[in-house]
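Let's take a friendly look at one helix, its aromatic neighbours and a few side chains elsewhere. Keep the structure open as you read.

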Amino acid sequence: MVTTKDKTLKRPTWDTYFMNIAHVVASRATCLKRQVGALIVKDEQILATGYNGAPRGMKHGTEVGCLRDQLDVPSGTHHELCRGLHAEQNAIIQAARSGVNVEGGTLYCTYMPCVICSKMIINSGIKRIVFNGYYPDELAVQMLNESKIDVSLYEESYIEEDIKQVKFTEDEKNRYVL
């Protein structure tokens with residue numbers, strides 16, 4: 001925190017900064033049950049983002065309904081019975097599509113990864129996971145513990161209340177209209 005003559009400047013920690021971005025990414029999710037966002041970071045630079053939703057070009061659950069709901073599938077089980085990919089999967093896939101190496105990076109995610117995502121994270125070489133909400137998957141916990149990936153529950157405060165919307169006067173709006 002830096003104090004000047006007129007105001008105090010409060011900069012977020014890197015974890016807060018990236019977790020806030022993960023929550024914005026989650027706002028693009030099309031899952032009807034849980035909106036999840038993820039981003040992969042290395043050297044304090046964002047490499048890729050992902051949110052949960054149907055594969056590229058396919059109809060989303062918001063258009064066709066939720067297969068898991070229709071079949072009464074409990075959360076944390078039978079991941080194959082879903083049209084969507086998880087946010088972590090999409091972030092890893094986006095990095096791969098762009099030819100970006102995520103090895104040694106940190107994955108920020110709004111929920112703890114499931115076992116399928118955990119296996120992908122382990123094999124991708126990601127070394128740290130920071131998550132915000134729990135997901136009911138004991139095998140994922142066991143595998144992540146065995147992998148020696150640094151897994152952290154994000155417990156800091158968010159900065160949403162500190163983000164101020166830029167307001168323009170009518171004169172400024174008129175002056176800058178293209």
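The notes below go through a predicted model.

Helix α1 covers residues 14–26.

Which residues of α1 are buried? They are Asp15, Thr16, Phe18, Met19, Asn20, Ala22, Val25 and Ala26. The buried residues of this helix pack against four strands: β3 (37–42), β4 (45–51), β5 (106–111) and β6 (128–133).

## Aromatic pairs

Five aromatic pairs occur in the structure. One of them joins tryptophan 14 and phenylalanine 18, which are stacked with 5.6 Å centre to centre and 20° between the planes. These two residues are four apart in helix α1, so about one helical turn separates them. Tryptophan 14 is partly exposed at 42% relative accessibility, whereas phenylalanine 18 is buried at 2%.

Phenylalanine 18 also pairs with tyrosine 108: the ring centres are 5.2 Å apart and the planes lie at 40°, so this pair is tilted. It links distant parts of the chain, with phenylalanine 18 in helix α1 and tyrosine 108 in strand β5, 90 residues apart. Both residues are buried. Trp14, Tyr17, Phe18 and Tyr108 make up one aromatic cluster.

## Two more side chains

Glutamine 89 belongs to helix α4 (residues 87–97). With a relative accessible area of 12%, glutamine 89 falls under the 20% limit and therefore counts as buried. Its side chain reaches the backbone nitrogen of histidine 86 at 2.8 Å. Leaving aside residues up to four places away in sequence, glutamine 89 touches Ile116, Cys117 and Met120.

Finally, look at arginine 34: its charged end sits over the ring of tyrosine 111, 4.9 Å from the ring's centre.

Terms used
Residues numbered from 1 in each chain as written. Predicted model: local features only at pLDDT ≥ 70, side-chain atom pairs only at ≥ 80, totals over all residues. Heavy atoms only, no water. Expected span 1.5 Å × (residues − 1). Buried < 20%, exposed > 50% of the residue type's maximum accessible area, 1.4 Å probe, protein only. Contact = heavy atoms within 4.5 Å. Polar contact = N/O pair within 3.5 Å; in protein donor to acceptor, adjacent residues only side chain to side chain. Phe/Tyr/Trp six-rings, centres within 6.5 Å; stacked < 30°, edge-to-face > 60°. Lys NZ or Arg CZ within 6 Å of the ring centre and 35° of its normal.
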